[in-house]
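I opened the model today and kept notes as I went. The entries follow in the order of looking.

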Amino acid sequence: MGLLAATLKKELLLLIRDRMGLVLLFVMPAVLVTIICLVQAKVLNPITHVLVLDSDKKEIGKIIYKGLKDSDNIIAVKGEDVGCNTEAGAKALVNKGTYQFSIVIPEGCTDFAFDQARLFALGKKGTAGTNNKQITLYFDPSVQGGFRAAVLSAVSKVLLCLEYEIKLRQAVFPTDRRPDATPPDPWFDIKEAWATEFGFIKMPTSVQQNVPAWALFGIFFICVPLAGSMIQERENKTQDRLKTMPVPGFILILGKIVAYICVCLIQFFFVFLIGKFVFPLLGLPAFVVSGPWIAVLIIIAACAVAAANYGIMLGQLAGSYEQALVIGPTTIVIAAALGGIIVPVYLMPGPMQLISNLSPLAWALDAFYDILLRGKQIKAVLPEAGCLVLFGMAASGISYLSFKYKK
């Protein structure tokens, strides 16, 4: 018992003296749990931003806007209130990510509905079904499929209710109509479109959305083996022997960074090949890069620079391999949660959406979506790529200052 008590006392003393260990054991898990709970706080009750472009300016447009405005989960904004008066402008705002979707109500919808009601009263079929008014919904390609289906269903029901309401108000709804009779053709067509510069009609698949996200997650995890190699070199005195060689120190560090950037490129192409050839064998859509490959390579290279320099910083700051093994994955998971990889950013509460802008994974994922889903060109990803490179430079600067301080 005395040996056991002495051993227990020794371990507790070591833990108390290891401030970083205390942080890892208590602060890091608390931060992680808090952030995950905040991120998922409104997943079951998401807030959606909608742009309503009402060219009708009459009853139908007003009723649709009021229905959206009165919803607890939707923040509806009129196009005229934000200086958007054209369909192209509404599409551009959705493409930019300002709104999750926009609804475009063409001119003459209300007049068309009342004309159809009067024709129905006279026993005529009218023009519904052959010359319908088309209400277009533009969705951000990064919006999930279940959300799009729910929105389309809700708008369809609203328009169907409007048809019957107008008929009742015109006193033209036949009282002898059997409940099982075939309903008349709908007056309005709903067109689902994508706010993308590709001009495609086919919806982007979940593979297109998820492969880039989790590939980025894997790229940033190279910080763990990179930090581990630095710590191992330091502990077995390899680093001291390297310093005796006639080679500048920055060359040794640069060699590590370049090597791990190559690893990141190989890692991404491995994931790409799986998405391209293995997914179809499993019944999933194939992963396709629709945008320019140069832009994709720029994003991957910038991510690799950020991840490699973060690994260098982690290896320099961590006191042991165990600390690096805990700090690295934990911070990457936190960055992924904030960056929209675990939960889309537009489903997060407002304060969390602002905080998500601090995550390097959010920059990289948004750049990927710009190229793969929104159809943008190379210049669109340069700001995010620049931020990732600056993040890497900042991490490298912290590593240098820490090295000088310890020396």
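I counted 15 helices and five strands in the protein chain; helices (H or I, at least four residues) and strands (E, at least two) are DSSP runs, numbered from the N terminus. This is a predicted model, in which local features need pLDDT of at least 70, side-chain atom pairs count only at pLDDT 80 or more, and totals for chains, interfaces and linings use all residues. Residues are numbered from 1 along each chain as its sequence is written, and side-chain values use heavy atoms, with hydrogens and water left out.

I looked up burial for the protein chain: 42% of its 407 residues are buried (under 20% relative accessible area; exposed is over 50% and partly exposed in between, with a 1.4 Å probe and protein chains only). Of the contacts (heavy atoms within 4.5 Å) with a separation of 6 or more, 80% join residues 24 or more positions apart.

Helix α4.
I listed the buried residues of α4 (residues 87-96) as Ala90, Val94 and Asn95. They lie on the same side of α4 because they cover an arc of only 140 degrees around the axis, taken from the directions from the helix axis to the C-beta atoms. Their cover includes β1 (48-54), β3 (101-105) and β4 (133-139). On the face turned away from the buried side I found the exposed residues Ala88 and Lys96. Gly97 follows α4 and has a positive phi, near 95 degrees.

Aromatic rings.
I searched the whole structure and got nine aromatic pairs. Rings of Phe, Tyr and Trp (its six-membered ring) pair if their centres lie within 6.5 Å; planes under 30 degrees apart count as stacked, over 60 as edge-to-face and the rest as tilted. Phe268 and Phe368 are stacked, because their ring centres are 5.9 Å apart and their planes are at 20 degrees. Phe268 is in α10 (residues 249-278) and Phe368 in α14 (residues 360-372), so the pair ties together parts that are 100 residues apart in sequence. I noted both Phe268 and Phe368 as buried.

Helices α8 and α11.
I checked the packing of α8 (residues 223-235) and α11 (residues 293-317): the angle is about 35 degrees and the axes are 8 Å apart. Axes are lines fitted to C-alpha atoms, for helices over the stretch in contact, and angles run from 0 to 180 degrees between N-to-C directions. Residues that meet here include Leu226 and Met230 in α8, and Tyr310 and Leu314 in α11.
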